[in-house]
Amino acid sequence: DKERQLGMQSKPEFVRGNLDIPTSQIGFIHFVVLPYYEVVHDLLPELVKVVETLKNNLEYWKQSQDKLQLRKRRSSSIVFSKEKSSHLGKINEEFSRRESVVIQAVQSLGQRGSFMHRTPSQVQFSSMHARG
């Protein structure tokens, strides 16, 4: 928080609210705590329960991480669906707007006795006649 107040950059994992606790716990247990206690267990076999508990904790955090990732995927697909729906709605609105402009133009041409009411030969004749 202090870094942010001072306008300094912080690592993403140190920004409040960005911490992924399961991933942090997995890394800490897997790379720091478990290797230490496995070595100590070799010297003091009576610590077998501690090592088993650490392995159970590691498995718990891996399951928590899987659940968190599943929730994130679900929420991102919901957001994507909302964004996609919103985008499709905007496309539909633009299409409707353009369609109405075309309809108004066609109606306007029709009211002025345009080529819309003529046969192809009359259109060709009138365009040749206009050049003439």
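Trainee: Leaving aside its neighbours within four places in sequence, which residues is Gln 65 in contact with?

Mentor: Contact here means heavy atoms within 4.5 Å. Gln 65 touches Pro 22, Thr 23 and Ile 26, once neighbours within four places in sequence are set aside. Keep in mind that this is a predicted model, where local features need pLDDT of at least 70 and side-chain atom pairs count only at pLDDT 80 or more, while totals for chains, interfaces and linings use all residues. Residues are numbered from 1 along each chain as its sequence is written, and side-chain values use heavy atoms, with hydrogens and water left out.

Trainee: Where is Gln 65 placed, and is Gln 65 buried or exposed?

Mentor: Gln 65 sits in helix 3. Buried means under 20% relative accessible area, exposed over 50%, and partly exposed in between (1.4 Å probe, protein chains only). Gln 65 has 18% relative accessibility, so Gln 65 counts as buried. Across the protein, 9% of the 132 residues count as buried.

Trainee: How many helices and strands does the protein have?

Mentor: Both are DSSP runs numbered from the N terminus: helices are H or I with at least four residues, strands are E with at least two. This protein has four helices and zero strands, and the pattern along the sequence reads α-α-α-α.

Trainee: Which residues make up the largest nonpolar core?

Mentor: A nonpolar core is a set of buried Ala, Val, Leu, Ile, Met, Phe, Trp, Tyr and Cys residues joined through side-chain atoms within 4.5 Å. Here the largest one has seven residues: Ile 26, Ile 29, Val 33, Leu 34, Val 51, Leu 54 and Leu 58. Helix 2 (21–43) and helix 3 (48–111) are the elements giving two or more residues to this core. Helix 2 gives the most, with four residues.

Trainee: What is Leu 58 in contact with, beyond four places in sequence?

Mentor: Leu 58 belongs to helix 3, and its contacts beyond four places are Ile 26, Ile 29, His 30 and Leu 34. With 8% relative accessibility, Leu 58 counts as buried. Now try Ile 29: beyond four places in sequence, Ile 29 is in contact with Leu 34, Pro 35, Leu 54, Asn 57, Leu 58 and Trp 61.

Trainee: How many aromatic pairs are found in the whole structure?

Mentor: Rings of Phe, Tyr and Trp (its six-membered ring) pair if their centres lie within 6.5 Å; planes under 30 degrees apart count as stacked, over 60 as edge-to-face and the rest as tilted. The search finds two pairs. Tyr 36 and Tyr 37 have ring centres 5.1 Å apart and planes at 90 degrees, so they are edge-to-face. Tyr 60 and Trp 61 are edge-to-face too, at 5.0 Å centre to centre with 75 degrees between the planes. As for exposure, Tyr 36 counts as exposed at 52% relative accessibility, Tyr 37 as partly exposed at 27%, and Tyr 60 as partly exposed at 49%.
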